[in-house]
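Subject: Handing over the model

Hello,

I am passing this structure on to you. Please open it and keep it beside this note as you read.

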Amino acid sequence: MSVNSAVVMIFLPLIMAPVIYLFGRAVEKTRPEWITTAVNSAALLVMAVMWIPYVLTVRQFAVNGPIELVYGEVSLVVDGVSLLLAAVALALGTLVVFYSKAQMSGKLGDEKYYSSVIAMTGMIIGLGCANDLFNLWVWFEGMAVSSYLLVVFYRDRPSALEAGVKYLVQSAIGSVTVLIGIALVFAYTGEVGFEALAAANLATPVLLGVGALFTIGFGVKIALVPMHTWLPDAHAQAPSGISALLSGVVIEAGLIALLRVLGVLSGDVMPSWGVLLMVLAAVNMLLGNLMALRQKQVKRLLAYSSLSHVGYMLLGIGIAIYAGQPGGAQGGLFHLVSHGMMKGLAFLAAGALIYAASGASHDTSQDHGLTLSDLDGAARRYPFTALALSIAVLGLGGLPPLVGFMSKWQIFVAGFEAQSVAVAALVVFAALNSVLSLAYYAPMVNAVYRRQPSAAIAGGVDLPVSMQIPMAVLTLAVIAVGFWPRLVYWLIVPAGSALSAAFGG
Amino acid sequence: MLAILIWLAIGLPVVGGLVVAFVGDSREKLQHVVAVGFSAAAAVAALAILPQAGADAAVSVSFGPMFGDLTFVPDGLGAFLAAVATVVGCLAVVFSVDYMAGEAELGRYYSLVLYFIGAMAALALTSNLFFLFLFWEITALCSYALISFYNDDPKAVAGGIKALIITQFGGVGLLALALAAYAQTGSFEISTFLAAAPSIPAVVLSVMAYGALLAAAAKSAQFPFHTWLPDAMEAPTPVSALIHAATMVNAGIYLLARLYPAFADVPGWRTAVVLVGVVSALIAALMAVVATDLKRLLAYSTVSQLGYMVYAVGAGGVFASQFHLLSHAVFKALLFLAAGSIIHSLGTRDMRKMGGVGRQMPFVRNVFIIGAIALIGLPPLNGFWSKELILEEGLLHGPGWAYALMLAGVALTALYTLRGVSMVFFSEDAGPHGHDAGRAMKTSLGILAVGTFVTWLLVGSFSRMMAETLPLHGLHELTIAQLASEISGAPATYLALGAALIGLAAWQWRRRIPGAQQSPGWLLAATESSFGLETANRLIVTAVQKAGAFLQRTQTGQLNWNVAGLAFGLIAVLIILAWSV
Amino acid sequence: MMSELSAQSVQIVFAGIILLFGIGLIGLMITRNLIKIVILLQLMAKAAILGMALAGNVAGKPGLGQSLAVTVIVVDTVVAVIALALAVQVQKTWGTLDLKDLSTLRR
């Protein structure tokens, strides 16, 4: 039997992460530029190679449908949702490795950085394929552990450590909460596999209690209000490439994990999950926007805006569950993809400006928080980066012809198709939130197009091409998919139907 | 062939915008040439669509179930507005050759203007509510970016963001309308919606109707959303002329006119539309009476004139509203561009510092006066015919109180226009010396001045085109002869002319009117706060900011509280779930 | 292999799980010392491990429950190691383990 491409897709990164680490450790202590460049190239090669099994798996999926891999007790299933999450993780991971070359050049710890990124990407891919509760938790925890290492990558920086402590403690509590939930399900049914659980009959109070535990546990990672408090710290303090990954795919992986478990906790309570997600969506949208409105630091502002964008995803999926609208699931997942592109781009652009402003020395022991006033005049010195940042934030604000407009629209359509006054009102509320968000996105655009540069910009260094190419790719994607949403339908349509099917739609 | 023309009218400006950006700011001359070339070609294409106007989709591209088909229908309303957008757009670009000469970041300026022209033409031509909303938002985006083109000026930035947020807020009404239409009919096509409207539940239909009014009022700067337009005057003047006088602000009127057959029977809707129009027309005219900033004067006047068009739709005069839209686009663009050449030459917008500029700029003075006469509504200029048509429709089909108030508006219009003309051109020589407009400026001013004399002659073909391609609107052809005889025979005409004369006389003999020597204090105060709406805006902004500041306190930065948040979250989720079962 | 537990023992272990989880959670709301926080996290993790083992017993699959518990122990150890390493690093850069000081990121 030939090796299944799906197996390679899932396990290759987990094998390669330690390999990259050892490769980087081969030369101890000293970090001349050629070494870090070599490590970067090796990591990039790994990321590039990982696309081969991915593409093969997509083809196999297109022909045969979901792919099931069984290893004794454990089974993994590659379905539409897995492929969607894997695509986002792989795409952002590849771009971030490319992007990080200059930041890591001649720096200690680069091998840890790249191997953690690769491991995290692998864990996320695995999380998407998990087919039982416990397995899901293991992948989830693996992702969390690799992200802890990345958040505190600047380990001499006090603020990064502070953020890391909060992130770790809150995540660990969430993880225990999930475990308790799993233990309860296991105790009541004797099963942890998704298929078996979907068929099992659990009493309503148990279902609700367990659902609440999972919502809290995974909710920490998804940054559901009020479990969100770690996110602005961690996302702002992590290296910018990592911020892009954390905002663009890690919180979304948590969301997928939550949806997987809620999907198997079926029964009469199904509409309750929809209601819960929609209520959480409303809270997240409003709070994220109001908090972002008054931020002075660019990365912190972007972190808060992630809260509100998680709200849009929850809204779409909540509509799908509550009203049985498959379009809502598609819309929510479309927004997951589009948020990954836009927020990834925004963080990469902000990171590029931070890199430029901190100069050639690139001292990482202090937090070079890029403030909004530091953005002034960026367009004159860094026209492309300024354009990329503008397109990213305008897209996040939901303006056409950018991808954020299209994905929000799809969610809204599903909301009105539900033919429910409450859901329609929620959609209008979400649209008003988009208007509100422009109050903090637009000033960023105005700032970068000022003529008078800030001190940080005026003294900035040139940006390397290795930073600009990932930004260019994402900028093009944000515009192209904004013009022609069908470009990503191959991803979101199967994922949407898999999700709807799980929720009995 | 028709499809190609439509793609050219929409696509050429967009391509032009890309080319201008690609040319780069180091080659200024080439940028001017490219911008003028592409916008002129688009205008020619749009004009060529007019004779082939029809009610069927000439272009249709499928975007899938959630978006519908991108369809373009060159019917009377759409083809006409697309032509206005591209032609005035072209003239504004020509004017910019002089006005923006030597400015930094010309590429950004021209790109945005050209994208705007393309989006506006597409907005006019599309017959799909989703894409209508999409292009609606793109025009708002371009408008925002151009208002705050001078990003170093905090007033320009504030004005741009204000315009963006207010129009987007109104846009939510259009969003709800489009979504509800899809939920009810399974299609985004306007024609499908208009045909199905009688069978849509009354509650839903009235929500949609008022949603449309909300969107239109915000976009067309009507009461209570008129506050953004005066602040948008920080934009370069050709932009004010193009976007904030002649085209984008008309989109609201266009929307009301297009959807009129569906909403005409919604209880209270027509009255609400009339009310919005009357209030906007009157308060804006009052504010114009005391304005001292030339561009703000014109902005108030735009709000007021748009109020006449909204009033016309509410009174059932869909054709009258579009006819006045055409006249207004021409004469207001003329006034704005003439004002632009004065401002460009003097470096100030304060009318009190302009006195006597007429002697140095005779050409500009002459065309400005032509525009002013059209604005007042004196024969034989285009503003006369269209405004009389509106008032006649109002007298015949609208409520009497509204007609009386609109007549008062005519008098106020005459008053503020004459006041403006005399302050700018005929008071004592007070200000710095200016030079007359350049060649490019004169070209566009001249064309618009000629237009002010002749566009009303298009009434026959324009009304025939609309009557033939918009069957649901119940319009009929109106030839020049019919127009002339109707207008000259109607008592409404003489009432309106009398009102205008009263207004003119009030300015002429203001010294004999007790208490009229100085602008009344209450009016100045009301203008300052935009009749209380500016205060309301500020209150909303403060409230939102305060809410944000309050919430910020919940982010304590202390791990103990963060963990408490988790525990609280668990309780909250359990409560929500218990409630939802 | 553990034998089947009596109903009473199940209740006792269950109460123990609740107690461990509760002490951990409440402790984390009031403790400010980073080392104590790591210990409290461990306490909560023990609740989860106990829960897994108990669940296996209750469900009649003690073998599976135990293997899940062992996996949790392994993963949990990794987290504990990272947490302690973090604490060491905090002591080095901040010169304190008091979380009251580690609250500069706010608003």
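Below is what was found, starting with the ground rules and then going through the contacts between chains and some local details.

This is a predicted model, in which local features need pLDDT of at least 70 and side-chain atom pairs count only at pLDDT 80 or more, while totals for chains, interfaces and linings use all residues. Residues are numbered from 1 along each chain as its sequence is written, chains are lettered from A and ligands numbered from 1 in the order in which they are written, and side-chain values use heavy atoms, with hydrogens and water left out.

**Chain A and chain B**

Chain A brings 68 residues to this contact and chain B brings 60 (contact means heavy atoms within 4.5 Å). About 5,700 Å² is buried between them, and carbon and sulfur atoms give 75% of that. Buried area here is the accessible area (1.4 Å probe) that two parts lose on being put together, summed over both. A:Arg294, A:Trp409 and A:Asn446 supply 12% of the area that chain A buries against chain B, more than any other three residues.

The rule finds one salt bridge across this interface (a side-chain nitrogen of Lys or Arg within 4 Å of a carboxyl oxygen of Asp or Glu). B:Glu105 and A:Arg451 meet in a salt bridge through their side chains, at 3.0 Å from N to O.

On the side of chain A that touches chain B, helix 18 of chain A gives the largest share, 12 residues. Helices (H or I, at least four residues) and strands (E, at least two) are DSSP runs, numbered from the N terminus. That side divides into 46 nonpolar, 13 polar and nine charged residues. Ala, Val, Leu, Ile, Met, Phe, Trp, Tyr, Cys and Pro count as nonpolar, Asp, Glu, Lys and Arg as charged, and the others, Gly among them, as polar.

**Chain B and chain C**

Here 11 residues of chain B touch 13 residues of chain C. The buried area is about 1,000 Å², with 61% from carbon and sulfur atoms. The salt bridge count is zero. Three residue pairs are in polar contact, both at pLDDT 80 or more. Helix 25 of chain B (residues 559-580) gives the largest share of chain B's side, five residues.

**A:Thr215**

This residue is found in helix 9 of chain A. A:Thr215 counts as buried because its relative accessibility is 0% (buried means under 20% relative accessible area, exposed over 50%, partly exposed in between; 1.4 Å probe, protein chains only). Beyond neighbours within four places in sequence, its contacts include A:Leu224, A:Leu276 and B:Val573. A polar atom of its side chain lies 2.6 Å from the backbone oxygen of A:Gly211.

**A hairpin in chain A**

Strand 1 (residues 67-71) and strand 2 (residues 74-78) of chain A run antiparallel, joined by five bridges. Two strands pair if DSSP finds at least two bridges between them. They form a hairpin with two residues between them, and A:Gly72 in the turn has a positive phi of about 60°. A:Ile67 stands opposite A:Val78, and A:Glu68 has A:Val77 as its bridge partner. Four of the five residues of strand 2 are buried.

Best wishes

Note on methods: Polar contact = N/O pair within 3.5 Å; in protein donor to acceptor, adjacent residues only side chain to side chain.
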